[in-house]
Amino acid sequence: MSNENKTIHEFDFNLICEYFLSTERQGPGSPEATLKALGFIDNLSDQSRIADLGCGTGGQTMILAQHAPGHITGLDFFPGFIDRFNHNAGELNLQHRVKGIVGSMDNLPFGEEELDLIWSEGAIYNIGFERGLNEWRKYLKTGGYIAVSESAWFTEERPAEIHDFWMAAYPEIDTIPRQLARIQKAGYLLVASFILPTTCWTEHYYTPLVKAREKFTAKYPGNKTAEELISSSRHEEELYRKYKEFYGYVFYIAKKIKQ
């Protein structure tokens, strides 16, 4: 890779981070959905080790920390997100048991069977649902939990426009029954699953992005990459409002069992 291309890549990388930096959540979700998923998890204590993978700025992580005991490590690829994450932890006086680190999902800095809970809201797609289930399992203690939210088809058939959009963006999207089968095959016992309500997309994700776009546009007037990023985000929102009965996010909570 030439130095010129590397510079462009780094600029785009930082631009994406900055676009979402001012939002509490970088994907669909809500405090209520986080707490609902947490309600299916037991046996956590002050000694528990929890990892939030793809934590972003930590909107959901802080909710976890305020309602569950244990030490939480948030991991994300974007340094800007982690800076904000650790700032937020300090603001809430959680810095003694909540820490964000820069890292990659495919090279986790944890020991085998070190974790009591792996959490990942709207981020496992970065490594792939099936791959994440299989590769992350070794870091969990037997009886430990994994809780992830992931995109899913609600129907076997769907309009070509939304089907083609998702096939280009994330071909691994699948129906809920097939994802449940993957969870079982990977060595977990399903504890619960539920569809995130529409408000997790509209009220808690798309609405906050309106202010983020205004701020972003004001800072980068005439920047083509910035304009394309905003256009892509708006297109995604339009498609969701048009086709939300065909797809959405599903929270899966499962327990590692002996094999």
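So, glutamate 237 and arginine 241 sit four residues apart in helix α9, which means about one helical turn between them. Their side chains meet in a salt bridge, 2.9 Å from N to O; by salt bridge I mean a side-chain nitrogen of Lys or Arg within 4 Å of a carboxyl oxygen of Asp or Glu. Helices here are DSSP runs of H or I, at least four residues, and strands are E runs of at least two, numbered from the N terminus.

Quick caveats: this is a predicted model, so local features need pLDDT of at least 70, side-chain atom pairs count only at pLDDT 80 or more, and totals for chains, interfaces and linings use all residues. Residues are numbered from 1 along each chain as its sequence is written, and side-chain values use heavy atoms, with hydrogens and water left out.

Okay, back to glutamate 237. Its side chain also meets arginine 213 in a salt bridge, at 3.2 Å, N to O. That pair links distant parts of the chain, α9 (residues 224-243) and α8 (residues 202-219), 24 residues apart.

Buried or exposed? Glutamate 237 is buried at 12% relative accessibility, and arginine 213 is buried at 6%, while arginine 241 is partly exposed at 41%. The cut-offs: buried is under 20% relative accessible area, exposed is over 50%, partly exposed is in between, with a 1.4 Å probe and protein chains only.

The structure holds 12 salt bridges. Another one joins glutamate 130 and arginine 182, with the closest N and O atoms 3.7 Å apart. Here glutamate 130 is in α5 and arginine 182 in α7, 52 residues apart.
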